[in-house]
Amino acid sequence: MSAVIEVDGLVKDFGSTRALDGLDLTVEQGQVHGFLGPNGSGKSTTIRVLLGLIKASGGSARLFGQDPWKNAVTLHRRLAYVPGDVNLWPNLTGGETIDMLGSLRGGLDPKRRQDLIDRFELDLTKKASTYSKGNRQKVALIAALATDAELFIFDEPTSGLDPLKEAVFQECVKEITGEGHTILLSSHILGQVEHLADTLTIINSGKTVESGSIEDLRRLSHETSDPNQPASLEQLFLQVYEPK
Amino acid sequence: MSRPTASPASGSPFTGTGDALRFALKRDRLLLPLCVLGLIGWVGLYVASYSGLYGTQADLNSLYQSVTGNPALVAMVGPTDGLRSLGGATAWETLPVVSVISAIFAMFVVVRHTRAEEEDGRSELLLAAGSGRLATLTATVVITAGALLLAAVGWYVVFLATGYEADSSLLLVAAILGVGLVFTGTTAICVQVTAKARTARGLVGIVIGLAYFLRALGDTGPDALAWLSPLGWAEKTKPFYDDQWWPLILPVGTTILTVAFALWLLERRDIGSGLIQPRPGPARAHPSLLHPLGFSLRVQRGSIIGWTYLLFVYGFAIGAVGNNIEGILESSTSLTAAFASASDNIVDSYFASIFTVLALMASGFAIGGVLRPHSEETHDRAALLMAGPLGKVRWALGHVLIAYVASAMMMALLGLGLGLGLGVVTGDFGELGTLVASGFAQAPAIWLTASLAVLLFGISSRASGAAWGLLVAFVVVWSIASFGDLPDWIVDLSPFSHIPAVPAVPLDATPLWIMTALSAVFTTAGMLLWRRRDLL
Ligand SMILES: Nc1ncnc2c1ncn2[C@@H]1O[C@H](COP(=O)(O)OP(=O)(O)O)[C@@H](O)[C@H]1O
Ligand SMILES: [Mg+2]
């Protein structure tokens with residue numbers, strides 16, 4: 001059985017700047033995969049290639065074994081995406097936006113929609129132009145989480161949420177993983193990744209630095225640092241990026 | 001409007017104006033000089049073409065004979081009293097159009113640096129960094145006024161270098177500058193009222209249209225109406241034949257008052273929102289929103305309704321006045337073929353030129369419409385849709401087709417408005433069908449212009465904006481060709497030169513079919529390129 005996401009030596013150039021420089025990423029069916037890296041390391045670019053929004057300059061990216069650039073429309077039926085910086089149509093209300101985005105995937109489950117709205121406490125009747133960043137993110141999150149996608153791609157999805165709603169998001173992710181969905185979670189919040197992810201890929205400057213299960217990676221950093229203390233992701237993270 | 005005198009520590013609302021000024025100038029270091037040069041070069045072209053056309057007093061006399069008292073021209077351009085001298089003729093033809101363009105220029109610059117920045121959330125950064133809340137608006141007004149002033153100096157130099165009389169030239173450029181400044185202040189107010197840059201531009205556009213309309217009504221009817229319009233004030237300076245300096249008090253005073261009022265409003269409103277707060281809306285989507293095309297239509301709805309309404313009302317008003325023209329013309333012998341070159345019916349010729357002007361305007365709508373995917377892309381909304389199972393081409397083409405259909409519809413409705421206006425006054429609705437068809441016949445030129453925008457959009461997101469430059473070029477070609485002298489091959493480059501002058505001449509559909517086919521080709525090419533390029 002092939003992996004849900006298979007990225008191999010991916011290269012992406014924007015003019016003369018190389019955003020991705022041979023990046024590898026593998027996500028298996030049913031995994032919650034953390035995708036970590038400093039700002040500008042290439043997380044969003046990787047995700048945009050996976051979504052077929054931009055074309056790879058080199059290497060390969062496969063989604064459910066298919067080329068995301070060529071088969072974008074069919075692949076998109078199987079996934080839901082939440083960007084980190086959600087921009088909405090200023091004249092539409094939150095409720096209208098959720099329904100419109102949901103309709104692209106053939107409609108949302110009404111019970112699930114209502115449940116998510118209650119938990120995220122979103123006022124649906126407000127125009128998007130009056131929403132804060134956090135509320136715009138809630139709209140995209142509800143529209144994605146209320147679908148029955150096989151794969152969820154989250155690109156720093158909670159950067160505008162308060163801690164309470166951040167906890168709601170984590171709950172929701174736990175629920176859907178229980179149902180066998182696959183999740184790619186790009187994040188800058190180590191605690192969130194540590195809490196949710198089974199496996200992890202750490203990238204820097206468009207290249208994969210570390211990859212494996214969280215336990216393996218902990219052990220790895222264990223060996224290289226103080227053997228008596230269980231390593232945290234933070235230590236691991238600092239260790240990877242420590243300028244040497 | 002002056003530089004802040006308070007020290008930064010005092011936390012004056014003007015703190016940081018200097019920084020805002022430098023920031024905005026840096027951002028527009030290319031665009032602004034190019035626009036100013038374009039404004040100067042355009043007037044230069046005008047002036048050069050007149051000196052050739054009306055080089056002798058005999059030429060001028062014949063121009064005077066041909067246009068004097070023609071109410072259609074008076075309504076479109078202004079009173080013809082000063083046409084006996086080259087300066088007067090030049091002022092007659094340049095002052096109205098350059099004034100309107102200056103107003104539009106001021107509108108774009110002010111909105112770009114104030115409301116558009118705020119809408120995109122960038123002004124919050126400046127405010128958080130300790131900048132005063134009036135700093136950006138103050139800097140923007142200074143920059144806009146400065147750019148207009150530079151253009152005015154350039155025009156003055158052009159006139160002097162061509163040998164025009166110095167005092168009158170100064171008055172002419174000052175009058176145009178006055179219009180630009182008034183609309184700088186007007187735009188400064190409009191950007192306080194609404195939270196969206198697009199709506200703010202629409203508001204200013206309505207005010208400019210109103211000013212033009214009042215001036216036209218005043219010049220052909222009760223004089224007092226022209227005095228209500230900034231364009232009327234400019235005209236009342238009567239450069240080159242009755243130099244009147246005192247009307248300049250009006251734009252100066254209005255500019256100061258409007259800018260002060262805008263600053264006053266800005267101090268009292270919340271950042272990020274307008275004075276008019278959006279009302280709550282439905283919690284569930286209307287079924288029409290649940291289809292991609294229905295959703296795209298909703299995105300374009302506001303501008304479609306606004307433009308259609310404007311064109312219809314404008315058509316109705318012109319139609320009603322058109323009859324009046326006929327009445328006056330029947331008793332007038334001073335009219336010659338200059339205006340009615342292609343037809344016996346002067347009213348139909350007048351309507352034909354109205355159709356061309358408004359088709360050029362409606363192209364502004366069409367370009368905006370077909371470039372919606374581009375604006376969705378730059379506002380980072382497109383990815384949310386394109387990550388769903390919605391094909392890139394299907395989505396973008398939907399927007400393009402909506403814009404094509406809507407622009408044809410609004411031109412037909414313009415014709416309907418003309419016919420109804422004419423009919424209500426004359427009681428004869430016989431021309432209704434012809435006028436609707438004449439309006440519709442403009443559509444291929446609009447489509448062709450818009451399809452070039454689609455092609456540019458397909459090439460790259462950054463290239464898309466060049467479509468506006470293209471439209472400006474077509475406007476310039478039209479405006480110079482209708483009064484002055486341009487080589488045929490340049491005139492032929494504009495699609496609007498190829499639409500038959502209906503209803504004054506019989507409709508020859510051949511050029512319309514050719515342009516429609518070309519539009520289809522460019523649209524297809526644009527879509528193919530779009531499918532192959534990265535989303536921004
Ligand atoms: N459209 C683009 N044009 C040019 N450079 C880009 C573009 N998108 C991303 N980049 C560059 O690619 C690099 C990776 O960016 P990104 O994928 O957004 O990083 P991350 O999401 O990890 O913060 C950055 O250096 C960024 O400046
Ligand atoms: Mg990112």
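This note goes through the domains, the chain interface and the ligand site of a predicted model.

1. Area between the domains of chain A. Domain 1 of chain A and domain 2 of chain A bury about 1,400 Å² between them, and carbon and sulfur atoms give 61% of this area. On the side of domain 1 of chain A, the residues that lose the most area to domain 2 of chain A are A:Phe152, A:Lys165 and A:Cys172, which together make up 31% of what that side buries.

2. Polar terms between the domains of chain A. The rule finds three salt bridges across the interface of domain 1 of chain A and domain 2 of chain A. A salt bridge also joins the side chains of A:Arg119 and A:Glu175, with N to O at 2.7 Å. Seven residue pairs are in polar contact between domain 1 of chain A and domain 2 of chain A, counting pairs with both residues at pLDDT 80 or more.

3. Interface of chain A and chain B. Here 35 residues from chain A are in contact with 35 residues from chain B. The buried area is about 3,100 Å², of which 62% comes from carbon and sulfur atoms. The rule finds three salt bridges across the interface of chain A and chain B. A:Glu96 and B:Arg298 form a salt bridge, with their closest N and O atoms 3.6 Å apart. The polar contact count between chain A and chain B is 17 residue pairs, both residues at pLDDT 80 or more.

4. Helix H2 (72-76), strand S5 (79-82) and helix H3 (94-104) of chain A each give two or more residues to the side that touches chain B. H3(A) provides the largest share, seven residues. The side of chain A that touches chain B divides into 17 nonpolar, nine polar and nine charged residues.

5. Ligand 1. Residues around ligand 1 include A:Phe14, A:Pro38, A:Asn39, A:Lys43 and A:Thr45. A polar backbone atom of A:Gly40 is 2.7 Å from an oxygen atom of ligand 1. For A:Gly42, a backbone N or O atom lies 3.0 Å from an oxygen atom of ligand 1. In the side chain of A:Ser44, an N or O atom is 2.7 Å from an oxygen atom of ligand 1.

6. Domains of chain B. Chain B is assigned domain 1 (12-49 + 78-277) and domain 2 (288-536), with C-alpha centres 26 Å apart. Ten residues of domain 1 of chain B contact twelve residues of domain 2 of chain B. These two domains bury about 1,100 Å², 67% of it on carbon and sulfur atoms. The rule finds zero salt bridges between them.

Conventions: Residues numbered from 1 in each chain as written. Chains lettered and ligands numbered in written order. Predicted model: local features only at pLDDT ≥ 70, side-chain atom pairs only at ≥ 80, totals over all residues. Heavy atoms only, no water. Buried area = accessible area lost by both parts, 1.4 Å probe. Salt bridge = Lys/Arg side-chain N within 4 Å of Asp/Glu carboxyl O. Polar contact = N/O pair within 3.5 Å; in protein donor to acceptor, adjacent residues only side chain to side chain. Contact = heavy atoms within 4.5 Å. Helix = DSSP H or I, 4+ residues; strand = E, 2+ residues; numbered from the N terminus. Nonpolar A, V, L, I, M, F, W, Y, C, P; charged D, E, K, R; others polar. Near = heavy atom within 4 Å. Domains from an automatic or database assignment.
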